[in-house]
Amino acid sequence: MTWLKNNPIALIFLAGISIFLFHLNVIPVTIMEARNFVTAREMITDGNWLLTTMNDLPRYEKPPLPSWITALFGSIFGLENIAGLRLPTMLMAIFLGYIGYLFSLKILDNKLHALINALILLSSFYIIVITVEAPWDIYTHGFMLTAIYFLYSFFDHPDNKWKNSLLAGLFIGLSFMSKGPVSLYALLLPFLLAYGFVYKYKGFGVYRKYIPLVVMILLAMVIGVWWFLYVRLADPNAFLAITKKETANWSSYNVRPFYYYWSFFIQSGIWTIPALISLIYPYLKNKVSDKKAYRLSFLWTIFSVILLSIIPEKKARYLVPVLIPLALNTGFYMEYVIRNFKSSFVQKEKIAVYFHFSLLGLIGIAYPFIAYLLLKDGLNGLWVYYVLSSLTLFAIGVLLFVQLKKQQIFSCFLLSIALVGAIKLLAMPLTGAMEKNTEYRSISQLRKAMQEEGLKTYCFGEIAPEMIWDYGSAIPVLKGEEEILIPEGEKFGVLVIPTDENEFKRIFDPEYSYTLNTVYDLNYNANPGTKGHKNRLISNLYIVQKR
């Protein structure tokens with residue numbers, strides 16, 4: 001235990017590796033991943049590095065930096081290597097935890113407290129999920145937290161003002177090149193507001209850093225905006241149409257009420273109870289080791305939630321930037337518990353701590369039984385992972401109760417991280433034992449089969465990104481937003497999503513005959529007719545022939 005306390009960076013990387021770097025090919029490719037992967041593939045195969053595309057159509061909704069990074073890894077590991085394509089986002093997540101440690105160390109000057117913050121950040125539920133659900137997010141927020149680290153140094157310290165200003169500008173620009181102004185609004189702006197309320201920018205005024213500040217802003221603008229300007233000039237019509245559509249989505253798509261994000265602390269997963277308690281400012285403000293730094297993380301979290309709540313369009317994954325200051329805020333409570341549990345905690349305060357760690361212990365102990373009941377019919381070939389994960393999680397659960405009885409709270413804290421690591425390292429492969437969609441059919445062999453028959457394949461309507469990725473190359477689109485194209489050949493294949501089927505038949509009925517050849521269904525676990533089955537992951541292949 002002493003070694004772990006004395007080697008925080010090693011522990012951070014050990015936790016990060018166990019949580020993020022194993023079994024990267026287990027989970028099916030998600031919609032946002034597919035968009036990123038397809039764009040990266042078309043960068044390599046078609047040279048679309050600046051005027052980015054998806055399915056050979058303009059894809060300017062997101063800046064290209066994450067796709068450039070993905071394309072680089074695709075060039076090294078192969079475009080069909082899902083683990084290789086996912087690797088950079090996982091490395092970015094570990095980097096986020098490391099920067100969280102450095103930033104915490106900067107504001108707290110306490111290695112143990114900084115370690116606690118970093119481990120909470122790495123093990124927060126949606127930080128883990130976002131690495132596959134939306135690859136762009138981990139880049140934009142990881143780069144922005146790095147910028148904030150240098151920005152804090154720029155504001156608060158007299159030394160290295162040019163170094164800090166230039167690095168802050170660089171990483172703000174990289175964040176903008178990862179997902180536009182998202183992190184600027186949801187992470188940087190609330191930090192600046194919180195910093196102003198707590199520290200009132202006193203260091204900035206004392207050390208007169210106006211010229212470096214201007215240079216920082218200009219550098220951030222140059223790095224962050226040049227691609228948008230290039231695309232605006234090179235392909236103005238497509239750029240303006242996409243910008244108009246994206247802007248409209250902010251107020252008309254996935255609209256939720258203002259209070260939609262009020263349960264944001266739940267997204268921290270195993271830290272839900274400590275995160276909630278850390279937000280009770282009157283209770284904790286006089287107990288923490290650094291009142292000003294606690295006020296900073298608290299206000300940073302609250303301002304971030306408020307700013308996100310103002311935007312009509314809301315999704316659970318948009319809360320990821322909130323989880324960064326929330327992890328720091330939760331760390332203040334956990335550090336207080338670890339430091340004072342034995343000495344000054346009253347019985348009422350102990351109830352929440354006992355409940356939190358007991359709940360995690362019960363999860364570990366119950367895992368072997370629940371996993372077997374849920375997965376027993378699909379465990380063939382996976383028994384080794386079931387046994388290893390069951391023994392490990394059961395042991396962690398028992399140890400949690402043992403250490404809790406001894407009031408060794410730091411040990412309980414590390415066991416909580418081990419619980420998350422063990423789930424990702426040993427239990428994740430058991431997703432292969434979940435019930436499969438009996439109608440699942442990959443589209444990956446279609447291109448070769450159609451080429452052997454001398455036929456071209458087209459799609460009618462907006463086909464799912466996962467389908468395009470699985471197909472292996474771009475599929476020419478017949479039905480666009482403004483026009484419908486008819487192929488010149490006598491016979492060809494057309495992929496049609498169910499919602500466009502009637503229109504497809506109406507367009508081709510007069511002059512063509514069509515026969516349903518194959519139904520491709522990329523729903524991995526949900527059978528047709530069940531709740532989780534998504535219609536957008538179905539494409540019907542019709543063989544169309546001129547009469």
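Q: Where's His23 in this thing?
A: His23 is in the loop between α2 (8–20) and α3 (31–46). Keep in mind that this is a predicted model.

Q: OK, Lys200 next. Where does Lys200 sit, and what's its phi?
A: Lys200 is in the loop between α10 (182–199) and α11 (202–207). Its phi is near 55°, a positive value in a residue other than glycine.

Q: Is Lys200 buried or exposed?
A: Exposed, with 54% relative accessibility for Lys200.

Q: Switching to helices: how many residues does α16 have, and what does it span?
A: Helix α16 covers residues 291–310, which is 20 residues. From first C-alpha to last, α16 reaches 29 Å, close to the 28 Å expected.

Q: How many of the α16 residues are buried?
A: 14 of the 20, so α16 is largely enclosed by the rest of the structure.

Q: What goes on at the start of α16?
A: A side-chain oxygen of Asp290 comes to within 3.3 Å of the backbone nitrogen of Lys292.

Q: Last topic, the second largest pocket. How much space is in there?
A: About 350 Å³.

Q: Which residues lie nearest its centre?
A: Tyr367, Ala371, Leu374, Leu375 and Ala427, out of 14 lining residues. Helix α18 gives the largest share of the lining, 7 residues.

Notes
Residues numbered from 1 in each chain as written. Predicted model: local features only at pLDDT ≥ 70, side-chain atom pairs only at ≥ 80, totals over all residues. Heavy atoms only, no water. 1 Å grid on protein atoms, 1.4 Å probe; cavity = no way out; pocket = protein on both sides within 12 Å on 5 of 7 lines; lining within 4 Å. Points joined across faces, edges and corners; volume = space filled by probe spheres on them. Helix = DSSP H or I, 4+ residues; strand = E, 2+ residues; numbered from the N terminus. Expected span 1.5 Å × (residues − 1). Buried < 20%, exposed > 50% of the residue type's maximum accessible area, 1.4 Å probe, protein only. Polar contact = N/O pair within 3.5 Å; in protein donor to acceptor, adjacent residues only side chain to side chain.
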